[in-house]
Amino acid sequence: MTQPVRGPGTDTDGGPYDPREPQPPQASDPPHASPVPHEPFDPGRAAAEATSAILRSTLHGTARGVVVDSPPGAGKSTLVVRAARELAAAGESLMIVAQTNAQVDDLADRLATADPELPVGRLHGTDSPPDPALDRHRSLAKSTSVAELRDRAVVIATAAKWAYVKDTEPWRHAIVDEAYQMRSDALLQVAGLFERALFVGDPGQLDPFSVVGADQWAGLSWDPSASAVVTLLAHNPGLPQHRLPVSWRLPASAAPLVSRAFYPYTPFRSGTGPGDRRLGFGVRGDGGGLDRALDEAAESGWGLLELPARHTPRTDPEAVRAVALLVRRLLDRGGLTYSAPDPDPAPLTAERIAVGTAHRDQAAAVRAALSTLGVAGVAVDTANRLQGREFDVTVVLHPLSGRPDATAFHLETGRLCVLTSRHRHACLVVCRAGVADLLDEHPSSEPVRLGVTVKFPDGWEANHSVLAHLAEHRTVWRP
Amino acid sequence: MSVLHTLARAEAVAAGRAVPAATVRHTHLSDRPLVLVPLTTAGEAGAPLGALVGTDRAAPELLVVPQPLDRELRFGFFAGLAGSLLSALEEHCDDVEVEPATRTREETELCADALQIVVPNAAALEYVRLVGRSTRFLRTAEDPDAPHPVPVPVPLLGRWLTHYAERARTPGSGLLLALTDLLTRHWATGQSAMEDQHLGALLGWIDPPPGLDGPAAAARAQTGRTPDGLLLSPPAGPATDPVFDNRVLAPALARYDKARTAPERAAAEAGIRDLVGSQLRPTWDDMWRGLDLLRALPEGAHVEERWKRDRWSFTGHRDRVRAGEPPQPKRDDAIAAAQKLAGRETAQARLAAQEALDDPLAMAARRLSGEAFTGTVVEVEMTWSEGRRPMPRPILTITTQDLPQAEPGAKAYRALPDARSAQGAELAGTPEPAVAGGPVRLRVKLTGGMGSGRTPREGSVPAPGDTVTFTLFEHDPRSGPALPEAEQTPWTHGGPPGSEGTPAAPDPVTAEDFL
C-alpha cells in the first residue's frame, strides 16, 4: 500500500491538504457526516464532479500526466472506459496499459460493450491468447503484432506485452490502469511509447514487490521496485492528482472503517446509505456459534468468528474448517441480499461469495474443505488474486490467525485492505483469539530510509483499528 | 521458511546436531579460493583493525593496523590488502579460453577461471562492500592535485571489491561468498537464524568436536571463555569481542601511542600483531574446516553453468578495468537499477529451478508447496494436435500423493535427468481423488520434446509404470525485454541522467564523500 504524500497539484476536493496533520480517526463520527456542514452529501453528484474534473484534466490539461486515486469499488473501470471513449471521440490515438491478462480482457470487453463501433485492438502474447468471450465483439481485433493494430483507435495490452513493443511512433495518449500495482521498472519499459498518460489506481491495495532484495535502491526516486506512481510523482511533482470520492461497492457499514483504517488522508464514503444494503436469511439460525456470527454479519455488515487462541501451522485445520462451514451455512440458510432501491432480494449464490486468505496453501486447504462439504463455485483465493474483484459476501481467514509472529508480509496494510474491501453486503472474518496481543508484541521494525515515501498508515496501526472494530461483532466459537 | 526446512530444524534439535538440508553442493567451490577474514575497530565506523588473507591455508598473510585512528596506517592496510588481492586477481585475468561465436555474440575471450573470495559471514561481506565503496573514488599519489593521496593500488582494489560485492547480490553467484550462508544452505541446525551467523556455533552444530553434541559445542563457541576472560572461539568478525577490546587491545594500543622510539614502536606493533592474529587465527581455521565440509558434498549438476556466468562477470569487469573505464558510479541510474533488478529476478528463478532439478530435497520442498509433483504413470492415451501436420499430444494419467496447485490448462514441465531442456506439457483437467484422502489422479498432456514426426521419438513418452516428475515452474526462465538506453530514459523517470527532471538526492554529496 502506497499512500504518496500528495504534491501541490490540484485536488478534486479543492480543500487544503496537509499530511502532517492527520485528522485523528473519530470512532464516534456518524458514518455520513458531511465535510461541509449543513449540506447533505450527495454521492452521485460528488462522483460526477470528480469524474468531470478528471476528464477535463485529461482532455484539456497541459500536464503530461494525470493521477487518479480510487478507493475500492469507486468506479475505476467505468472511469477508464469513459476516458477512453472520450479520448477516442476527440480523435486521439490511445493505448491502454493494464497489469494482468484478465484485467486487459475485462477492460476490452467493457470498452467494446460500451461502444460497439469503437475499433479496439487487443494486443497479446503468443502464449496467452485472449479470452474467447471477446470474439463476440465485431469491432475488436486481436493480434500478437502491434503493427497490425496500429490503425485501431484504442490498443490495449498488459504492461509485460507493451514492454516488447519497440521502434514505433509513440501514442498521443495512454491510460495506465492499476498504476499503483505496477512496478516502477515496468513503467520505465513502456513510458517511451506514449506522450501523455492518465494513471488510475488504488493506493490502498498491495504494493508491487520483488522476489529479490532491492534495498540498495531504497530512497532513489527511480527505485525499480517501487510503485510506478511513486516514481512518476517524485519526478513530476506538479502533476494534477484527483481522487474518486465515493465507493459504490462498499456498504455504509464498511466504507467508514476501510476509509479510516486504510485511507486516513484521503477519506471516501459509500454511495449507499445505512439500510440500503441488507443481508437476510430464509432459514432462522440454529443458535450455534456459526449462525450467530452470520446473523451478526447480516445485522451489522461485519462478523468475527473467534476461535480459541493457539499457535497453528499456516493451514490451521480448525480455522479452515470454520471458514468452509460458514460458507456452507450461508448457502444452506438461503442467504438473500437486498440492494436499494430494488425491493426484491436476490438469492445469495455460491458465485457471489468469496473466501480470501493470505497464502496459496491456505486457499488450497479451504478449497479442499469446501469440496468435502459439497460446495462448488465459491471463489477461493489469496489477497493478491482477489484484487479488483467484487462479491456480495466475503469470508476472510485473518492473515495473523494462529501465527506466533507478525512479519512484514502479514502486516502489509494492502493485504488486509484487499481482504476487507471486496464485499457489497457483509464480511466475515475467521480468526484465532490473541491477535491484538501478537500485534503488541511485534511493533513494526522496518528500517527507516532517507528519501523513501512514508507509508501511511502502517500495517500495525491498520490491523489494530480493523481488529478493534471487529471485536464489536465477535462471536466466540469452539470447534 | 519451507515446511521441509522447519522439519529439518526440528529434527536437528531432537538429534542434537545439524541435519543435511541438501543432498548436493549448490555452489561452485574453487580449488584455490581466497579466504578473507576482516576485523574492524569498535567505535570507529568501518575502520579496519586487521585481516587474515590468502589462498594457502597454511600460510595466511596477516595485515594489522596498529593504530586504527591513524589514516596513513589505514591506507597502508588497504594497500597491503590490495597487494594480496590484486595479485590473486591478476593470476586469473590472463588465463583465458575462447568462447565460440553464437547468433547474438561474436567470438569472445572468457577467463578460464575466476578468483573466488570467501568471507566468514554476511556482515563481513557487507564490510567488503563498504571498503569497495569507500576506496574506489580515492585519489592516489599519481594525481598531483590530490590533497590526501592514497597508495596507488587502493582505488583499483575498491573497484574490484565493489564489483565482487555487487555480483554477490545476484542469486546463485559464487564470486564472493559468506561461509555461514553457504553452510546454512546445506545444513539445518537447531538454533535460530541469528545464531547461525556465528561461524563457530554453526560449525559446532554441523561438526561437533569429539565428546560434545551440537548445542554444547555451539554454546562453548558462543560463550566459552579462557581463565583470563577471553572467548575460546573469538567472533568471526568484523566486530571484535568487547572483552578483548577493553582488557587486551586497549592497553596495547596505549603502549603503541606512548612509544617514542623506533624500537619501542616496533615492539608495541609486534604486540598488537600477535593479539589481532590470535583473534583471527581460530576463524581462519574454521573457514577452511567449513570449506572442507562443503567440498565433501558432490557438486550439483547445474553448478558449473552458474559458475560460468560468474566467469563472464569477472571477464567483463576485467575488460572494463583494462579499457580504462571510470569506477562504478555512486548510484545506479534508473536504467541500470532496473536492469540489475531484472537480471537478479531471472537469476533467482533460475537458481530455484536448478536447485530443484539437482537436488531431490529441494524438489521435495517445491512439491510440498504445490509447485511440482512426482507420480506414477498409469495410462497413456495417444492423441494428436489438429492442423495440417498433426503432432503427437499423448495424455498421461498419473497418480500422485502430491497436491499441485494449478488450474487446468496450466503449463507444466517434465523434469528429465540429463536433458538439456524440459519437456513441455499442460495440465488437462483438475486433479481428482482416486480414493478420498488417498493419492490424486492427474491428466497431463505432453506438448513437446517428442521430435518433429507424427510418431513420438523413441523414449520420449513415458510408459505406464514409469515414475515422472513435472514442475509448474520453468526450468530455464528467460530474461525479459531489453530496457531503453540511458539516454532514452523517459520523462516519468526524470529523463536522461543529468537532465533537469532529476530530483535532489535525499542524501546530498558533501566534500567529505570524496575523501
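What follows is a short chat about chains A and B of a predicted model.

Reader: What is the mean pLDDT of chain A?

Author: The mean is 86, and 91% of the residues of chain A reach 70 or more.

Reader: Where does pLDDT stay under 50 in chain A?

Author: Over residues 4-37 of chain A. The model has 45 contacts beyond four places in sequence for that stretch. Where pLDDT is low, the predicted coordinates should not be read in detail.

Reader: Which feature does UniProt place at residues 321-432 of chain A?

Author: An unreviewed UniProt entry gives "domain: DNA2/NAM7 helicase-like C-terminal" for residues 321-432 of chain A. Over those residues the chain is 36% helix and 29% strand. The end C-alpha atoms of the stretch are 13 Å apart.

Reader: And H398(A), where is that found?

Author: In the loop of chain A between β17 (391-397) and α12 (408-411).

Reader: Buried or exposed?

Author: H398(A) is buried, because its relative accessible area is 3%, and the cut-off for buried is under 20%. Leaving aside neighbours within four places in sequence, H398(A) is in contact with L416(A), V429(A), V430(A), C431(A), V435(A), N463(A) and L467(A).

Reader: Over to chain B. How is chain B divided?

Author: Into domain 1 (3-330) and domain 2 (372-471). The C-alpha centres of these two domains of chain B lie 47 Å apart.

Reader: Which residues touch the most other members in the largest nonpolar core?

Author: L179(B), L183(B), W187(B), I272(B) and M287(B), out of 40 residues in that core. The elements of chain B that give two or more residues to this core are β2 (34-40), β3 (48-54), α5, α6 (199-206), α8 (242-258) and α9 (262-295). α9(B) gives the most, with eleven residues.

Reader: What is M287(B) in contact with?

Author: Leaving aside neighbours within four places in sequence, M287(B) is in contact with V35(B), V37(B), V118(B), V119(B), P120(B), L179(B) and L199(B). There is also a second, separate core of 39 residues, which includes F78(B), L86(B), A114(B) and F314(B).

Reader: Back to α5 of chain B. Which of its residues are buried?

Author: In helix α5 (residues 179-186) of chain B, the buried residues are L179(B), T180(B), L182(B), L183(B) and H186(B).

Reader: Why are they on the same side of α5(B)?

Author: Because they cover an arc of only 160 degrees around the axis of α5(B). In general, an α-helix has 3.6 residues a turn, so residues three or four places apart point the same way.

Notes:
Residues are numbered from 1 along each chain as its sequence is written. Chains are lettered from A and ligands numbered from 1 in the order in which they are written. This is a predicted model: local features need pLDDT of at least 70, side-chain atom pairs count only at pLDDT 80 or more; totals for chains, interfaces and linings use all residues. Side-chain values use heavy atoms; hydrogens and water are left out. Buried means under 20% relative accessible area, exposed over 50%, partly exposed in between (1.4 Å probe, protein chains only). Helices (H or I, at least four residues) and strands (E, at least two) are DSSP runs, numbered from the N terminus. The arc is that of the directions from the helix axis to the C-beta atoms. UniProt positions are given in the numbering used here, feature names are shortened, and annotations may be inferred rather than shown by experiment. Domain bounds come from an automatic or database domain assignment. A nonpolar core is a set of buried Ala, Val, Leu, Ile, Met, Phe, Trp, Tyr and Cys residues joined through side-chain atoms within 4.5 Å. Contact means heavy atoms within 4.5 Å. pLDDT is the predictor's confidence in each residue, from 0 to 100.
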